[in-house]
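Student: Please take me through the surroundings of the ligand, one part at a time.

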Amino acid sequence: VPPPIIAPSILAADFARLADEVRAVEDAADWLHVDVMDNHFVPNLTIGLPVVQSLRAVTALPFDVHLMITDPRRWAPGYADAGAYNVTFHAEACDNPVELARDLRSAGAKAGLAIDRDTPIEPYLEILPSFDTLLIMTIKAGFGGQRFIPQLLDKVRTARRHVAAGHLELRIEVDGGIAADTIAQAAEAGADAFVAGTAVYGADDPAEAVRRLRALAGR
Ligand code: DX5
Ligand code: ZN
């Protein structure tokens, strides 16, 4: 398992000061997690492509775009074109995930597959070679600030066994309720990329919060 990736989620940042909030974690973070919601796939609405395009100019951090939208086919390649490093879409929203992953890779991005709270992992194990990132939700997608659900780490354990057995080069990312008191168990289960919104932007010193999470994620 490679060194951990810590990805602060700007969903918990102050949207009126987004550039400053991004710069606040720039030296400490590995990726910047951007949650795109459409009030259709999830019952919440956030930001879209224009914000990602504008943010691209203010930071060197790789963007980890998490699309919680219906019809990712229509939008995902645009995020790759906007300079996203990794574009993750939901398994539940896509009937041909392998094809979309291929398109993302040919647009120059990494491809990520997200699995929401109520979706089993097993049906997707065989298509993991098409992906660079597997995002396993540790809450139900839609809102920041929810409580971490430890039972969902069983999916991380299953995925980690599968990745190890197949020698796959795939990040296993967890998202939802990741904080100082939960990150170690997620790492122990086999996650190697960690999204944190509230735990980073709710802290007095976001960069210090990222460093602390990184230390706790190290095994
Ligand atoms: C929620 C988003 C998460 C969210 C996590 O659906 O996917 O990335 O920002 O927020 P916290 O870390 O507060 O649970
Ligand atoms: Zn997310």
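Tutor: Two residues are in contact if their C-beta atoms, placed from the backbone, lie within 7 Å. Leaving aside neighbours within four places in sequence, glycine 197 is in contact with Ser9, Leu11, Ala12 and Gly144. This is a predicted model, in which local features need pLDDT of at least 70, side-chain atom pairs count only at pLDDT 80 or more, and totals for chains, interfaces and linings use all residues. Residues are numbered from 1 along each chain as its sequence is written, while chains are lettered from A and ligands numbered from 1 in the order in which they are written.

Glycine 197 sits in the loop between strand 8 and helix 7; helices (H or I, at least four residues) and strands (E, at least two) are DSSP runs, numbered from the N terminus. Glycine 197 is buried because 25 other C-beta atoms lie within 10 Å; the term asks for 20 or more of them within 10 Å of the residue's own, with C-beta atoms placed from the backbone.

Around ligand 1 there are 22 residues, and Ser9, Leu11, Gly144, Gly197 and Thr198 come nearest. A residue counts as near a molecule if its C-beta atom, placed from the backbone, lies within 6 Å of it. Strand 2 (32-37), strand 8 (193-196) and helix 7 (198-201) each supply at least two residues of this shell.

UniProt, in an unreviewed entry, places the feature "binding site" at positions including Ser9, Gly144, Asp175, Gly197 and Thr198; such annotations may be inferred rather than shown by experiment, and the positions follow the numbering used here, with feature names shortened. Aspartate 175 belongs to strand 7 (residues 171-175).

Methods
A residue is buried if 20 or more other C-beta atoms lie within 10 Å of its own, exposed if 12 or fewer, and partly exposed in between; C-beta atoms are placed from the backbone.
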